[in-house]
Amino acid sequence: MAQVTLNKVRKVYPNGAEALEPSTFTIPDGELCVLVGPSGCGKSTMLRMVAGLEDVTEGEISIGDRVVNDIDPADRNIAMVFQNYALYPHMTVARNMGYGLKNRGMDKGQIAEKVREAAQMLNLTEFLDRKPSQLSGGQRQRVAMGRAIVREPDLFLFDEPLSNLDAKLRNQMRIEIRALQRRLGTTAMYVTHDQVEAMTMADRIIVLSNGHIEQIGTPAEIYSNPASTFVAAFMGAPPMNLLNAEAGQGRVTLPGGEIVPQAGVNGHAGAVTVGIRPEDVMPSPQGDLTFNVDIIEELGAQRLLHGQMAGQAFSVAVPKDQEAATGEMRLALKPGAVHLFDADEGRRLG
Amino acid sequence: MKRAAFGHIGFPILLLLPQLAIIAIFFYWPAAYAVESSFYLQDPFGFGETFVGFDNYTRLTNSTNYINALNFTVVFTLLVTFFSLGIALLLAVKADKVIRGAKTYRTLLMWVYAIAPPVAGLIGVMLFDQSRGTITQVLASFGYDFRLGVNYWDTAAAMITVSVWKQIPVNFIFFLSGLQAIPRSVREAAMIDNRSGTSRFWDITFPLLAPTGFFLLIINITYSLFDTFGIVDTIVKGEPGNNPLTLVYRVYVDGFRGGDLGGSSAQSVVLMILVLILTIVQFRFLERRIHYT
Ligand SMILES: Nc1ncnc2c1ncn2[C@@H]1O[C@H](COP(=O)(O)OP(=O)(O)O)[C@@H](O)[C@H]1O
Ligand SMILES: [Mg+2]
């Protein structure tokens, strides 16, 4: 068990590309921390530096109270689960799981015992003598998990471990991984580009964009207080509506002249971006905002109304029992619905 | 998929005919003729032939020349195969570390393969040349008097060196693509599981290269046995003398230089059987070949 600390860690690839700007954070012992962001934002780079598979250009990485920059991956006491599982194709499931232990000089009986335990935990007992090619995707995923568990590492590293599974299996494995990590109490870093995975699994989320950390926080914090328009748009489904507006004279005005209620401007003047989540508005005849519905999308539990507000794209989520029709309607805001961002930088205001 | 339909069976056969004719004229007919001649004793001056049964074959087992060539060929094949595979694997492993995915390097490295065996033999002969050869001079500076075509061991060493040198590129290319086909993440998983690079190589990389390796083993044995003819010929210049000869070259020397067509044919038949065995081994392996996916 260990906490993980990155201190001004930076990565520049030999071709000169800066994949990660200097980043600093700590993951407390036993937490599952999700690194989330669009493809190419530097998630894998960060994870691979922690694993020791990639050199650190600048800064320090510590696992527990040991700086690991110059420590061999095999000596970091970590376990990694890869997107394509990275099982050894020529070894049986049992040998795949035991390989790391064997190299640490553990004796055969003990290895067999540990492998059996892990296999039991993951329902793999009957597959121990099979080769990876004789397993389904989900089973391979479990073997990869098993290989990580038997090592009893200080830290689990997951790089998009569920991306190759179908949606149903993905949901199931998500819950299983989460439960397993809780049970073992092992610190984990989990990389994904899927914000649903991030929101549902994480104790703490690190949102990355273009090689820099946009925000670190619990799922609730990230959802209710996105630090930038990037986080606002990336986290949450359907994504937050972002509208261009003007701040001045203590209020925020949409292009058509409608005033956005609740918006405190903190003395800010000029162009701003107003963020409103689709689920934070409700149709109401007394509402302050005009919304033109173009399309209605049925999702079962709820309905998404897509259309225009002040000439800009806007979506509203309404519960399934609420009537909806295309055309003009008025919207009222739930308390705390308005997020205000700087129009240039996208940083949160206030 | 659309199936090509021919109105009549005659047309496809007509299309195949040139190919079939070439195979028949240049392969089956000479092969059948060799089998036939191996049971006859030909008059060296072309005046008839006598049926001698298996005499030509028993004569082979008693011929010191043939036994010597057989022994040399076995050693030659083992050494050429071992060194050309070993060196190529070593180079491929080193290159793989540097050039993951860089195609230009691979093409450059492949060029040596485009050299025809006699040319490779010639270059080799030049390197080992008695008066001007670079290697001869280097050896002389160490006090060793290298005598190509005169000293049996020197000639053998030159043959082996040139043959190995000629075969390394093709092995290298296959090994390199084999190495690059191993997923990066599998190697990385192994890096986390095992500190020692050497032991990772033997535990993970080598077994995953085994299919490539076996395929190359057969290719290299065939190469050493047969395709080195040009190299041997350039080095011994048709003068067997006291020089080491491979079995294939012996066929040529005995048949065309010695005029012993019957004995030469018997030798060819022995080699044909060898090729047949190698082919069967290879096909059986390919059938059972494990596909890692
Ligand atoms: N070996 C490499 N050499 C050069 N650039 C790389 C290398 N690996 C990744 N990159 C670049 O670094 C950036 C981050 O990559 P990565 O960490 O893999 O992103 P993610 O995992 O978030 O999709 C990308 O722009 C990618 O092109
Ligand atoms: Mg990635």
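This is a predicted model: local features need pLDDT of at least 70, side-chain atom pairs count only at pLDDT 80 or more; totals for chains, interfaces and linings use all residues.

Q: Which residue forms a salt bridge with B:Asp96?

A: The partner is B:Arg187, and the closest N and O atoms are 3.0 Å apart.

Q: What about the accessibility of A:Glu214 and of A:Arg347?

A: A:Glu214 counts as buried because its relative accessibility is 10%. A:Arg347 has a relative accessible area of 35% and is therefore partly exposed.

Q: Which residue does A:Glu258 pair with?

A: A:Glu258 forms a salt bridge with A:Arg330, where the closest N and O atoms are 3.8 Å apart. Here too distant parts of the chain are linked, 72 residues apart: A:Glu258 sits in the loop between strand E12 (251–253) and strand E13 (270–276) of chain A, and A:Arg330 in strand E18 (residues 327–333) of chain A. A:Arg330 is partly exposed, because its relative accessible area is 33%.

Q: Which residues are linked in a network of salt bridges?

A: The network consists of A:Lys11, A:Arg48, A:Glu54, B:Arg184 and B:Glu188.

Q: Let us turn to the two chains, then. How many residues are in contact between chain A and chain B?

A: On the chain A side there are 24 residues, in contact with 19 residues of chain B. The area buried between the two chains is about 1,900 Å², and carbon and sulfur atoms give 56% of it.

Q: Why give an area at all?

A: The accessible area lost when parts come together is often used to state the size of an interface.

Q: How many salt bridges are counted between chain A and chain B?

A: The count is 3. In the salt bridge between A:Asp75 and B:Arg195, the side chains meet at 2.4 Å, N to O. Between chain A and chain B there are also 13 residue pairs in polar contact.

Q: Which parts of chain A supply residues to the side that touches chain B?

A: Strand E6 (78–81), helix H2 (93–103) and helix H4 (137–150) of chain A each supply at least two residues. H2(A) gives the most, with 4 residues. The residues of this side of chain A divide into 12 nonpolar, 5 polar and 7 charged.

Q: New topic: how many residues does the largest nonpolar core have?

A: The largest nonpolar core has 76 residues, and A:Leu157 and A:Met189 have the most contacts inside it. Helix H7 (residues 152–180) of chain B gives the most to this core, with 12 residues. Setting aside residues up to four places away in sequence, A:Leu157 touches several others, among them A:Leu47, A:Val50, A:Ile78 and A:Met189. There is also a second, separate core of 43 residues, which includes A:Val36, A:Tyr85, A:Phe127 and A:Leu180.

Q: Where is A:Gly138, and what does A:Gly138 touch?

A: A:Gly138 is in helix H4 of chain A, and counts as buried because its relative accessibility is 8%. Not counting residues up to four places away in sequence, A:Gly138 touches A:Leu165 and A:Leu169. A:Gly138 and A:Leu169 are 31 residues apart in sequence, while their C-alpha atoms are 7.1 Å apart in space.

Q: Finally, the backbone: which residues does a cis peptide bond join?

A: A cis peptide bond joins A:Ala237 and A:Pro238, with omega about -5°. A:Pro238 is in the loop between helix H8 (229–234) and strand E11 (241–248) of chain A.

Key. Residues are numbered from 1 along each chain as its sequence is written. Chains are lettered from A and ligands numbered from 1 in the order in which they are written. Side-chain values use heavy atoms; hydrogens and water are left out. Contact means heavy atoms within 4.5 Å. Buried area is the accessible area (1.4 Å probe) that two parts lose on being put together, summed over both. A salt bridge is a side-chain nitrogen of Lys or Arg within 4 Å of a carboxyl oxygen of Asp or Glu. A polar contact is a pair of N or O atoms within 3.5 Å; within protein, one must be able to donate a hydrogen and the other to accept it, and residues adjacent in sequence count only if both atoms are side-chain atoms. Ala, Val, Leu, Ile, Met, Phe, Trp, Tyr, Cys and Pro count as nonpolar, Asp, Glu, Lys and Arg as charged, and the others, Gly among them, as polar. A nonpolar core is a set of buried Ala, Val, Leu, Ile, Met, Phe, Trp, Tyr and Cys residues joined through side-chain atoms within 4.5 Å. Buried means under 20% relative accessible area, exposed over 50%, partly exposed in between (1.4 Å probe, protein chains only).
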